[in-house]
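Me: I've got a protein chain to look at and I'd like to work through it piece by piece. Could you show it and then take my questions?

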Amino acid sequence: MLETTKLLSIFKMTPISKALKDILVGILLGDGSIRKVSTDKAVVSFAQSGQKTEYFNQVYDSLKAENLLLNSPVFREFSDPRYPNKINTAWHFSSKSSTDLRPLADLFLDENGKKIVPSNISPAGLRSKNY
């Protein structure tokens with residue numbers, strides 16, 4: 001599994017546990033997103049297709065168990081104009097805005113607000129024999 005100790009030492013989020021930091025870094029390296037909402041706050045969000053409900057619930061429950069303040073999950077149906085005869089489904093949730101999440105936004109967003117892999121994580125560091 002990815003060693004996040006060096007990555008996490010870049011920022012201090014005292015109220016947030018190491019377990020929560022590890023989960024957040026993991027989802028931000030994958031399907032999660034983060035955005036700045038003011039000069040000192042950020043929001044984390046996560047979405048998955050309706051076919052991945054079990055995984056979505058696992059991520060939601062893990063974050064909630066670590067006391068991250070979350071908005072309720074939202075389920076939606078939508079169509080893609082490229083596939084007019086298909087109805088897609090998706091789950092989505094976001095955190096409440098928090099100053100504790102801002103260091104993650106500063107780490108995972110460039111100056112234009114686009115998500116990036118932090119410079120101190122190499123592609124080799126993302127590989128693991130456990131995957």
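Reply: Here are some questions and answers about this chain and one of its helices. It's a predicted model, so local features need pLDDT of at least 70, side-chain atom pairs count only at pLDDT 80 or more, and totals for chains, interfaces and linings use all residues. Residues are numbered from 1 along each chain as its sequence is written, and side-chain values use heavy atoms, with hydrogens and water left out.

Me: In what order do the elements of the protein chain run from the N terminus on?
Reply: Helices (H or I, at least four residues) and strands (E, at least two) are DSSP runs, numbered from the N terminus. The chain has five helices and four strands. Their order is α-α-β-β-α-β-β-α-α.

Me: How far apart are the end C-alpha atoms of helix H3 (residues 53–65)?
Reply: The expected span is 1.5 Å times one less than the number of residues. H3 has 13 residues, so it should span 18 Å. The model agrees, with its end C-alpha atoms at 18 Å.

Me: Within what arc do the buried residues of H3 fall, seen down its axis?
Reply: Buried means under 20% relative accessible area and exposed over 50%, with partly exposed in between (1.4 Å probe, protein chains only). Phe56, Val59, Tyr60 and Leu63 are buried in H3. They line one face of the helix, because their arc (taken from the directions from the helix axis to the C-beta atoms) is 95 degrees.

Me: Which exposed residues does the face of H3 turned away from its buried side carry?
Reply: The buried residues pack against helix H2 (18–29), strand S2 (42–49) and strand S4 (83–94). The face turned away from that buried side carries Glu54, Gln58 and Ala65.

How values were computed: Contact = heavy atoms within 4.5 Å.
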